[in-house]
Amino acid sequence: MTEYKLALVGFGGVNRALAQLIAERNQQWKTELGFTLKIVGVTDLFLGSVMDRHGLDAASLAKLPTTKGAMAQLPGGTLDALNEAVIKDCGADIIAEATFTNPVDGEPATSFCRWALERGKHVVTTNKGPIALHGAELKALAQRNNVAFEYEGSVMSGTPVIRLAKESLAGSSITGFEGILNGTSNFVLTCMEGGLGFAEAVSQAQALGYAEADPTADVEGHDVRLKVVILANELLDAKLTVNDVTCNGIASLTLDDIEKARHDGARWKLIGAATRQADGSISASVEPRLLSNDHPLASISGATNAVSFTSELLGAVTVSGPGAGRTETAFALLSDIIHIHQSATLKQEHNL
Ligand SMILES: NC(=O)c1ccc[n+]([C@@H]2O[C@H](COP(=O)([O-])OP(=O)(O)OC[C@H]3O[C@@H](n4cnc5c(N)ncnc54)[C@H](OP(=O)(O)O)[C@@H]3O)[C@@H](O)[C@H]2O)c1
């Protein structure tokens with residue numbers, strides 16, 4: 001039976017939910033997936049860190065109070081975030097990176113990924129920053145060190161889009177995609193269709209926990225822009241940087257615009273899209289688009305996300321599901337680990 005040793009870097013909503021899943025489901029995974037997970041290190045700027053090569057109790061970690069330095073309460077725990085020691089020296093096979101997204105330079109998460117890959121450890125992450133800003137470099141580093149760098153949760157949380165498009169749609173010749181890739185802005189637009197003004201709709205999203213105290217990254221499209229870069233580079237072999245994607249948010253849409261759209265049998269949506277042009281170049285944008293009611297994305301309401309891939313052989317294939325949520329995003333990390341396990345099993349079977 002395979003057991004993977006795991007280190008959790010960043011212990012906020014996502015990695016804590018992963019610890020909870022491990023506490024509840026490890027035995028089930030043994031029979032269902034053919035492996036178990038053992039947490040050997042955790043580090044977090046706020047909570048501190050703890051390491052034990054023999055394994056930490058996942059249930060106790062999941063229940064740890066969210067008070068500053070709480071890791072120090074655990075045997076061997078410290079107040080400090082010993083990130084480098086946890087990543088490099090706690091004996092982990094896999095590093096689950098889930099610290100905050102830095103949209104400017106992807107740090108410090110990019111360095112965390114580099115340290116791990118250079119040490120020959122697999123990395124699974126839900127953080128858009130390192131992938132959108134340094135994806136090519138990190139993928140090459142992983143390849144050189146014969147380890148995996150997986151990031152399924154970075155675009156639509158637990159809803160599978162990257163591997164679905166790369167594996168199940170392989171050979172269909174994908175020519176582009178359009179997506180509703182930010183639940184907050186879609187929720188705001190749905191509230192506006194119910195008659196709330198933009199500011200009231202944003203307040204409602206904040207009250208329900210969909211929007212941050214500062215909702216700029218969501219409603220101005222900056223969050224979606226990172227996701228467009230990731231998907232375009234991954235699926236269309238584009239070499240886009242963030243500045244290659246034009247970006248306009250939803251703040252200028254009025255209730256009159258929404259009402260006129262309804263009258264015309266259409267809905268406004270914030271769409272992140274990329275398309276391969278006839279000359280082979282890739283055009284990419286984030287912008288409010290008026291979609292007629294028969295468009296595959298027009299019926300996506302509330303905080304749900306969806307992406308519609310266009311390919312030469314299939315036309316439009318659309319996937320919808322949650323684009324956020326702690327457990328949903330922790331599932332994305334699990335799906336990355338499953339992928340690592342399946343690849344390793346295949347290599348073993350073929351003596352590679
Ligand atoms: N939650 C979702 O629905 C979702 C969905 C898709 C993707 N993601 C991505 O997944 C990642 C984690 O999300 P989350 O919801 O778990 O975020 P979170 O609750 O804010 O947790 C992040 C944790 O990382 C810690 N941290 C920040 N900088 C660090 C550093 N330099 N070293 C060690 N720890 C550090 C934070 O500590 P402080 O509080 O002290 O800063 C915090 O405890 C983010 O990049 C997010 O964008 C989340």
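# Reading strands, helices and cores in a predicted model

Biologist: In E7, how many residues are buried?

Modeller: E7 is mostly covered, with 6 of its 7 residues buried. Bear in mind throughout that this is a predicted model.

Biologist: Which strands pair with E7, and in which sense, parallel or antiparallel?

Modeller: The general idea comes first: in a regular strand the side chains alternate between the two faces of the sheet. Here, E7 pairs with E11 in the antiparallel sense over 6 bridges, and Gly179 stands opposite Val307 in E11. E7 also pairs with E9, again antiparallel, over 4 bridges. In that pairing Gly176 stands opposite Thr275 of E9.

Biologist: What joins E9 to E10, and what lies between them?

Modeller: Strand E9 (residues 266–276) and E10 run antiparallel and are joined by 11 bridges. Arg276 stands opposite Ile282 in E10. The two strands form a hairpin with 5 residues between them. In the turn, Gly280 has a positive phi of about 90°.

Biologist: In which sense does E10 pair with E8, parallel or antiparallel?

Modeller: Strand E10 (residues 282–292) pairs with strand E8 (residues 246–247) in the parallel sense, over 2 bridges. Thr246 has Ser285 of E10 as its bridge partner.

Biologist: How should I read a helix such as H8, and how many of its residues are buried?

Modeller: An α-helix has 3.6 residues a turn, so residues three or four places apart point the same way. Helix H8 (residues 183–193) has 10 of its 11 residues buried. Among them are Gly183, Phe187, Val188, Leu189 and Met192.

Biologist: What do the buried residues of H8 pack against?

Modeller: They pack against two kinds of element. The strands are E7 (174–180), E9 and E11 (304–311). The helices are H9 (198–207), H10 (216–219) and H12 (255–263). Just after H8, Gly195 takes a positive phi of about 110°.

Biologist: Which residues of the largest nonpolar core touch the most other members?

Modeller: In soluble globular proteins, nonpolar side chains tend to be buried together. The largest nonpolar core here has 52 residues, and Val188, Val228, Val229, Leu231, Ala232 and Ala274 touch the most other members. Helix H11 (residues 222–235) gives the largest share of this core, 8 residues. Domain 1 (2–158 + 327–349) and domain 2 (162–322) both supply residues, so this core lies between them.

Biologist: Which residues does Ala232 touch, leaving out those up to four places away in sequence?

Modeller: Ala232 touches Ala238, Leu240, Ala274, Ile282 and Ala284. There is also a second, separate core of 50 residues, and Leu6, Val9, Leu56 and Leu61 are among its members.

Biologist: How many residues of domain 1 and of domain 2 are in contact?

Modeller: The size of an interface is often given as the accessible area lost when the parts come together. A count of contacts is used here: 13 residues of domain 1 are in contact with 15 residues of domain 2. On the side of domain 1 that touches domain 2, helix H5 (128–144), helix H6 (153–156) and helix H13 (326–349) each supply at least two residues. H5 gives the largest share of that side, 4 residues. By class, that side of domain 1 has 5 nonpolar, 5 polar and 3 charged residues. The centres of the two domains, taken over C-alpha atoms, are 29 Å apart.

Biologist: What is the strand order in the open sheet of 6 strands, and which strands are at the edges?

Modeller: The order is E3-E2-E1-E4-E5-E6, with mixed pairing. Strand E3 (48–51) and strand E6 (149–150) are the edge strands, each pairing on one side only. E2 and E3 run antiparallel and are joined by 4 bridges. Val42 has Val50 of E3 as its bridge partner.

Biologist: Where is Gly55, and why is it called partly exposed?

Modeller: Gly55 is in the loop between E3 and helix H2 (58–62). Gly55 is partly exposed because 13 other C-beta atoms lie within 10 Å; a residue would need 20 or more to be buried, and 12 or fewer to be exposed. Beyond its neighbours within four places in sequence, Gly55 is in contact with Lys38, Ile39 and Val40. Gly55 and Ile39 are 16 residues apart in sequence and 5.5 Å apart in space, C-alpha to C-alpha.

Biologist: Which residues come nearest to the ligand?

Modeller: Of the 24 residues around the ligand, these are Gly10, Gly12, Val14, Phe46 and Ala324. Helix H1 (13–32), strand E2 (35–44) and H13 each supply at least two residues of the shell. That shell divides into 9 nonpolar, 13 polar and 2 charged residues.

Note on methods: Residues numbered from 1 in each chain as written. Predicted model: local features only at pLDDT ≥ 70, side-chain atom pairs only at ≥ 80, totals over all residues. Pairing = 2+ DSSP bridges. Domains from an automatic or database assignment. Contact = placed C-beta atoms within 7 Å. Nonpolar A, V, L, I, M, F, W, Y, C, P; charged D, E, K, R; others polar. Core = buried A, V, L, I, M, F, W, Y, C linked by C-beta atoms within 7 Å. Near = placed C-beta within 6 Å.
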